[in-house]
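Thanks for coming. Please have a look at it first.

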Amino acid sequence: MREVLAQAAFQLFLERGFERTTVDDIVARAGVGRRSFFRYFPSKEDAVFPDHERCLAEMTEFLAAADDSDPVGAVSDAARIVLRMYAANPEFSVQRYRLTREVPGLRTYELSVVRRYEQTLAGHLRSRFGADGDGALRAEVVAASVVAAHNNGLRLWLRSGGEGDPEVAVDHALALVREVWGRPAASTAPADPGASAVPAAPAAPFVPLAVSGGGEVVVMVARKGTPMWRVVQQIEAAVGEN
């Protein structure tokens, strides 16, 4: 019933315009009563975004099961849940994007939904970085960066009319976020006066090595604990170069 009502509402929004469509129009098109509509949607605006509650619940569940090894990677992967929701129905997603550009009230509503995603990501990061001081600040900044990167790639795809693979632009944008924020935060512990002034050695770089033989082989040497996405990225780059 939720899907039937959402489809009826959206059809009417496209035919008559959002402002000229009433709840009575929607329930008449769907063949149900007003009570049924308000059982599923508090307002007309909610009917434009019928899938975000489910998506938010899925994101929350995903983050609850994530381990502590790569919190920035976890929230980046959580953002891809939203991307898959949009990509599952390109025609609807593109039409909704165009509609929200035309109706200021829908744009405001959409921003409130985006903020809920950002708060969910930030909450997960605070549980990893700490809820006070720089930990809380880092959580807010990283969450905002992930949302901005995801939305940048998603909107490029929506503006194209849903052409091509939306993951390409989103993956590129999220890779930048992970490159900047994926490193551990610098220690805030006071310096030991007796400690050596010699700076710590930088992390060992990736060293791809192409070896000729019966077939082409790429050997990748990486520092222990390197995120798997980075290893795969460097392997793909080495294979492409060869």
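**Spaces and rings**

I will start with a pocket, and sort its residues by class. The lining of the second largest pocket divides into 6 nonpolar, 5 polar and 5 charged residues. Before going on, please note that this is a predicted model.

The volume of that second largest pocket is about 400 Å³. Its lining has 16 residues, and those closest to the centre are Glu3, Gln7, Pro50, Asn89 and Phe92. Which helix gives the largest share of this lining? That is α1, with 7 residues. Both α1, residues 2-16, and α7, residues 90-102, supply at least two residues each.

Rolling a probe the size of a water molecule over the atoms shows where empty space is left. In this structure there is 1 cavity of 30 Å³ or more. The largest cavity holds about 200 Å³ of space. Around the largest cavity are 17 lining residues, and nearest its centre lie Val82, Val114, His150, Asn151 and Leu154. Two or more lining residues come from each of α5 (52-65), α6 (71-87), α8 (104-129) and α9 (133-159). The largest share is that of α9, at 6 residues. By class, the cavity lining has 12 nonpolar, 3 polar and 2 charged residues.

Next, the rings. A pair of aromatic rings is described by the distance of the centres and the angle of the planes. This structure has 5 aromatic pairs. One of them is Phe13 with Phe18: the ring centres are 4.9 Å apart and the planes stand at 55°, so this pair is tilted. Are Phe13 and Phe18 buried or exposed? Both are buried.

Another pair is Phe37 with Phe38, with 5.3 Å from centre to centre and 85° between the planes, which is edge-to-face. The two residues of this pair fall into separate accessibility classes. Phe37 has a relative accessible area of 0%, so Phe37 is buried. Phe38 has 39% relative accessibility and therefore counts as partly exposed. Ring pairs also bring in Phe41, giving a cluster of Phe37, Phe38 and Phe41.

Last, charges over rings. Where does the charged end of Lys44 sit? It sits over the ring of Phe18, 4.3 Å from the ring centre. Arg138 lies over the face of Phe129, and the distance to the ring centre is 5.1 Å.

That is the end of my part.

Key
Residues are numbered from 1 along each chain as its sequence is written. This is a predicted model: local features need pLDDT of at least 70, side-chain atom pairs count only at pLDDT 80 or more; totals for chains, interfaces and linings use all residues. Side-chain values use heavy atoms; hydrogens and water are left out. On a 1 Å grid over the protein atoms alone, a cavity is a set of points where a 1.4 Å probe fits but cannot get out, and a pocket is an open set with protein on both sides within 12 Å along at least five of seven lines; lining residues have an atom within 4 Å of a point. Grid points are joined across faces, edges and corners, and a volume is the space filled by probe spheres set on the points. Helices (H or I, at least four residues) and strands (E, at least two) are DSSP runs, numbered from the N terminus. Ala, Val, Leu, Ile, Met, Phe, Trp, Tyr, Cys and Pro count as nonpolar, Asp, Glu, Lys and Arg as charged, and the others, Gly among them, as polar. Rings of Phe, Tyr and Trp (its six-membered ring) pair if their centres lie within 6.5 Å; planes under 30 degrees apart count as stacked, over 60 as edge-to-face and the rest as tilted. Buried means under 20% relative accessible area, exposed over 50%, partly exposed in between (1.4 Å probe, protein chains only). A charge sits over a ring if NZ of Lys or CZ of Arg is within 6 Å of the ring centre and within 35 degrees of the ring normal.
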